[in-house]
Amino acid sequence: MIPVDEKIPEKINRLPELAYNLWWSWSLEARELFRRLDYPMWRRTQHNPVQMLQELSPIQLKAASQDGAFIRQYNKVMMLYDREMRNGRSWFHITYPEHIDKTIAYFSFEFGLHNSLPIYSGGLGILSGDHAKEASDLGLPFVGIGFMYPQGYFRQRIPSHGWQEAVYQQLDMGQTAIQPVKMADGQSLKVSVNLAGRTVYARVWRVLVGRVSLYLLDTDVDDNDPWDRELSARLYSGDSEMRIRQEIMLGVGGMRVLRALGVDPAVCHMNEGHSAFILLECMREYIAQGFSFREASEKVRANTVFTTHTPVPAGHDTFSFHMVEHYFNGFWDEIGISREQFLGLGGHEETWGMAFNMTVLALRLAGQSNAVSRLHGEVSRKMWQEVFPANAIDDVPISSITNGVHVPTWIASDLHELFDKYFGPEWRGRHDDPALWQRLVDIPDTELWQVHLLLKRMLMGFLRERARRRWVDGRNDPTQVLTNGTLLDPDALTIGFARRFATYKRANLIFRDLDRLQRLLLDIHRPVQLIFAGKAHPADDPGKALIQQIYNMAKHNQLGGRVAFVEDYDMHMARYLVQGVDVWLNTPRRPREASGTSGMKASLNGVPNLSIMDGWWVEGYNGANGWAIGGEIWEDHNAQDEHDANTLYQLLEDEIVPLYYGRDRDDVPRGWVDLMRETIRSNAPQFSMRRMVKEYTTELYLKAIEGEK
Ligand SMILES: *Cc1c(COP(=O)(O)O)cnc(C)c1O
């Protein structure tokens, strides 16, 4: 292959620079530019400009450089890009000019930025990715630290028996928007940590996310033994020993990356307990500088922020004392405490006895802790009260900041353009301002509805083409062609459900009364259809059984092809789903959904939620922007399911179906379009990543920067 630099004509020679900054992925204009370059290739590579620039022929590139319309778009995009990169008038610069030289370091096991960089599994990763993008938009002095997993998270295959299979693919690093970090002397940056007597090295990749840099550790280097090279091969695939090694690498190795780059963070934000070993590494550094244990603790507290993400006990990492001792043998001497005191820092009673709990470690040592929705805050304060025995439940120091989603990433392009037309392009800069969204009334019913219908057709086209490709490749049998959604009808009321398949999310709730569901699905005049997607963790057999159950429903001839289970849910598919269905369904067992964010993405696109009163929906539902199920918690799970399912059917039968099919003479459902408007108006600003990052800044980061406690 000809090197990219040599074949790109001068007139468009900054395309590689653009392709290597993920900013393009949330710029409407930049996406349009790459789409124009070669539309079939854009689709085939699932929107990967780095790969496109490699595969495009010199002739195609030359033609682009001679195409006036392309050059105009190119110049416009480069101007927007330069303006964004040099932006000295961002929110942070204007509001906190005295702090622009500080650094906020954000540690996360996973980052969901774009599907071409598959280093995320689900909600936690998407949240980190969205957080980094918004930090760039708002101009925060922000860096991210995580892992480069060469095999990423698994790709899901559903064979004809319905039992999920995990496929791991080696990522082609050369076709991914990552670059090795070089030091001033031209050498690649490498850091090392001690793992139970062995030195393990990691190289470091950099990802540009607008103005923000993300540093990713990768242990696949020659200096390491084979088993250490595998350390960062995959996301969430190892046993608990692999896990503690990864967590030491992220916390301790991650801090060392910052040190090597000369960064002294004013804030260390631990997104989930995975990176809580940072706290120990910082303690060690302070004590080595001569501070006492008490002084070092105060200093560590002053600039650390910890976010907890789930009320489900299994979601909190724990390690046996034995294992912690193995990896931290003698560490207690370095920080001047006893072995018992050291193990006590994370000590927590688990179902099988005492163990070392990463959440407990973080809650004890971090200066500020928060949960991710109001209800989750309440649940977390109760759940972790024993860590703060002197505090009443209400005084347990865990606050809450409700999650949000990055608006430019998740909004459909066609809707984006509609808002440009009616609000003027300035709307982008103030999308967290509720006043802006009052202007939705200016958009005529027919136009909003036409855009929605277009998005719905795009979703079905996307699913059909995927199924067709697999059929042509010989990978699927006819049943799989059916279960992947080829019988879906763009005119039928379409309900989407996509999330991780954990049993508490109750994906099968809507199948509880099959006869009643069948009447809804097969109604000749007012049919309903369901689209499911989602992966189960590779070790979660009950989750896989749930997928199999839904898959069997999709296969069930009595349901007439009106149920689909589409395989391999990822960010790419998520965009089509949250933008293209009519209703977003969520049926977790309250109160286990800490927040949930896919429903926020749907809302932003005018897709109302039909959801259990749990997580964000407790704050999002206002009586006129969707539907709420339950709220009360029953002891008996079976009774709870019966009650919730009954409410679900009733809402569908009595409200949702009639409203959707209540058409005017021009075939526009006026009532439904009003509902779409209300959904966007009430939820888009409130559950935007912009509102969220501003709250993290004013409520948590500033305190840490200013050194208060
Ligand atoms: C948004 C998103 C999630 C998280 O959705 P929840 O509603 O929090 O379950 C998971 N996976 C993908 C691919 C997403 O885009």
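Colleague: Where is the place of E272?

Modeller: E272 sits in the loop between β9 (267-271) and α12 (277-288). Helices (H or I, at least four residues) and strands (E, at least two) are DSSP runs, numbered from the N terminus. Phi of E272 is near 80°, a positive value in a residue other than glycine.

Colleague: What should I know about the model and its numbering?

Modeller: This is a predicted model: local features need pLDDT of at least 70, side-chain atom pairs count only at pLDDT 80 or more, and totals for chains, interfaces and linings use all residues. Residues are numbered from 1 along each chain as its sequence is written, and side-chain values use heavy atoms, with hydrogens and water left out.

Colleague: How many helices and strands are in the chain?

Modeller: The chain has 31 helices and 21 strands.

Colleague: What radius of gyration does the chain have?

Modeller: The radius of gyration is taken over C-alpha atoms, and the globule rule is 2.2 Å times the number of residues to the power 0.38. With 709 residues, a compact globule would have a value near 27 Å; the chain has 25 Å, which agrees. The C-alpha trace spans about 80 × 70 × 50 Å along its principal axes.

Colleague: Which domains does the domain assignment give?

Modeller: Domain bounds come from an automatic or database domain assignment. Here they are domain 1 (4-85), domain 2 (99-154 + 192-403 + 693-705) and domain 3 (409-429 + 443-687).

Colleague: How far apart do the C-alpha centres of domain 1 and domain 2 lie?

Modeller: Those centres are 36 Å apart. Contact means heavy atoms within 4.5 Å. Twelve residues from domain 1 and 13 residues from domain 2 take part.

Colleague: What area is buried between domain 1 and domain 2?

Modeller: Buried area is the accessible area (1.4 Å probe) that two parts lose on being put together, summed over both. Here the area is about 1000 Å², and carbon and sulfur atoms give 55% of that. In domain 1, L22, W26 and E84 lose the most area to domain 2, together 54% of what that side buries.

Colleague: How many salt bridges does the rule find across that interface of domain 1 and domain 2?

Modeller: A salt bridge is a side-chain nitrogen of Lys or Arg within 4 Å of a carboxyl oxygen of Asp or Glu. The rule finds one across this interface. E84 pairs with R211 in a salt bridge, with the closest N and O atoms 3.4 Å apart. A search of the whole structure finds 48 salt bridges.

Colleague: Which residue forms a salt bridge with D82?

Modeller: R14 does, with the closest N and O atoms 2.8 Å apart. The pair links distant parts of the chain, 68 residues apart. D82 is in helix α7 (residues 68-85), and R14 is in the loop between α1 (4-7) and α2 (15-19).
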